[in-house]
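Student: I would like to go through this structure with some questions. Please show it first.

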Amino acid sequence: MADFSFGSAAKPLGKLDRPWWRELNRYHWFVLLVAALGWMFDCLDQQLFALARAPAMAELLKGTGLDVNAYSGYVTAVFLMGWASGGIIFGIMGDRVGRAKTMMITILIYSACTGLSALSYSVYDFAAYRFITGLGVGGEFAVGVSLVAEVMPELARPYALGLLQALSAIGNVSSAVISLAFAHLEREGVLGRFHLFGTQLTAWRAMFLVGALPALLAVAIRRHLKEPERWQAAVKSDPTQKSLGSFRELFGNPVWRRRAIGGMLLACAGVIALWGIGFFSGDFTRSLFRSFYDQQARDHGDAELDRQFVASLVARPESIEKLPTDFKPSYLLSPIAAGEQSSTDAVAVYGAIRSLHDDRESISKSAVLDWLDKGDSAHNRLEQSSGQRVRRAAYLDGTAADPEQIAAHAQRIVARGKAVEFQLSLWAAISLMLFNIGGFFGVYGFSYVAQSIGRRTTFAIAFTAAMLSTALVFGFLSAATMTVGGVTLFRDVFWMMPLMGFFQLSIFGGYAIYFPELFPTRLRSTGTSFCYNVGRFVAAVGPYTLGLLASEVYQHTDQPLRWSGLTMCSIFLLGLAVVPFMPETKGQPLPE
């Protein structure tokens, strides 16, 4: 095994004889606060994207015939590639022009482009905004942890970095609260009163507007934050600055090269898992719990009413003009899913309406008449009961319902559909909120365990536990309910999601502590950024693969995201394979 020693001059650090926070003065706390806020808002942006991704894709792809799950994965992959590119660019800048200046630039970039995402009119400009946002997001982490690592007292450093990463959970939880608030405002019709340059304001657009606010943090950074003394000393020792942020030195030195490549592979495992599985758990709960609400509606007889509504549209195609502007075919229930039988023409028309995209303009009179012809052909090939024949005759001669009745039923369908969408948004937000609450304790706990038993052993435990807990969620999470105070709750969410979050995100606490300990000051931001962000070029295949699995391999299963998530769990084995080849940095000073 390669020699990963720190050199003969390095002496092990002593032990703390008092709580670590007592080692910090007022400026230490200011640096930690600024870096924590920068990373917290960074994570807020990430989670806003994770929560807004599905409704954004549904709106931007309507009328295109493209798969929402697949393009959600593609756009996420684009975001991660921007993240990786920004990591390289701003990681080098952090070493060459300074930690504080680079942090200010990255915050301005991701804030501005998060706000611009709200103005998207197609999937392509949305992806472009997410790529540029990723540039800023990718650069912020490396300079932030480098800054904290170099300013903090040596003995307090691991705990401060662990707290920095743990506080990111506040940004993640805040995004869930923001999502719930805007989902409620959208349901009540408040957002619909406003427009952005001619486009109606929806919940996902409003969420991205909020994501522009962190730009204000750049003011505090500009006025009060100083460059670390370690970095200033490194600049003075190299007047030409050729070694600062040099990839030639990073990969020319065999020790730094092995650490960079090993750290990058460690990060790949965690990042692919988080973005390819963990952050899709909200989408998973949406798809899983929809069946529960649909079945509730069927039990109340809504499927039969929806079937009559569809058949009435066939009989009275002029009623199309009276449908509410916010009517969506996706709000209709499938009577076949409940094992019910229906007249063939109604089923044929229903299937055609379901295949349309969510805009009223696509439902034309001529299309309805075409569906009627198809329904007649299918009907003539099948035998039907006399009751079905009578009902079908009523549909076709126009006596089933008048246009006003059809419009009134459409209003009930819309109200029911919006209520279900709100409940699904609520549970997606609750799921990610619990995921991140568990993650807070996992991240902060990593710093204490790593100080006790070492970095490598803690990583090995975390990767193993993350794989098992993630497989548990995607394998066994169900729509089983419990009633508390008259409120129906999905019980599995309340213990499975925090458990998965605890172990999946604990790995990222390890990255914040470990990566700055691998490289000298002149290469710390570059090396940390390479490990944490360049791996995202590889990690970008995670969400792409999940989208591909859901839309192609498992599309005919009852839960495509369940089987896709289980398949992706194997990525944690990569982290386990790399751990034995990495150096142990417990109790060692930062290398120089």
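Tutor: R455 is buried, because its relative accessible area is 2%; buried means under 20%, exposed over 50%, and partly exposed in between, with a 1.4 Å probe and protein chains only. This is a predicted model, where local features need pLDDT of at least 70 and side-chain atom pairs count only at pLDDT 80 or more, while totals for chains, interfaces and linings use all residues. Residues are numbered from 1 along each chain as its sequence is written, and side-chain values use heavy atoms, with hydrogens and water left out.

Student: With which residue does the side chain of R455 meet in a salt bridge?

Tutor: A salt bridge is a side-chain nitrogen of Lys or Arg within 4 Å of a carboxyl oxygen of Asp or Glu. For R455 the N to O distance is 2.7 Å. The partner lies in the loop between α19 and α20, 62 residues apart from R455 in helix α18 (residues 455-476); helices are DSSP runs (H or I, at least four residues) numbered from the N terminus. That partner is E517.

Student: Is E517 buried or partly exposed?

Tutor: The relative accessibility of E517 is 2%. E517 therefore counts as buried.

Student: Which residues are linked with R455 and E517 in a network of salt bridges?

Tutor: The count of salt bridges comes to 14. Linked with R455 and E517 in a network are E154, R157 and R230.

Student: D45 forms a salt bridge with R130; how many residues apart are they?

Tutor: The closest N and O atoms of D45 and R130 are 3.0 Å apart. D45 is in helix α1 and R130 in helix α4, so the pair links distant parts of the chain.

Student: Why does R130 count as buried?

Tutor: Buried requires a value under 20%. R130 counts as buried because its relative accessibility is 0%.

Student: Is E249 buried or partly exposed?

Tutor: The side chains of E249 and R522 meet in a salt bridge of 2.7 Å, N to O. R522, with a relative accessible area of 23%, is partly exposed. At 22%, E249 is therefore partly exposed.

Student: Why does F131 count as partly exposed?

Tutor: F131 lies in helix α4. F131 counts as partly exposed because its relative accessibility is 30%.

Notes: Helix = DSSP H or I, 4+ residues; strand = E, 2+ residues; numbered from the N terminus.
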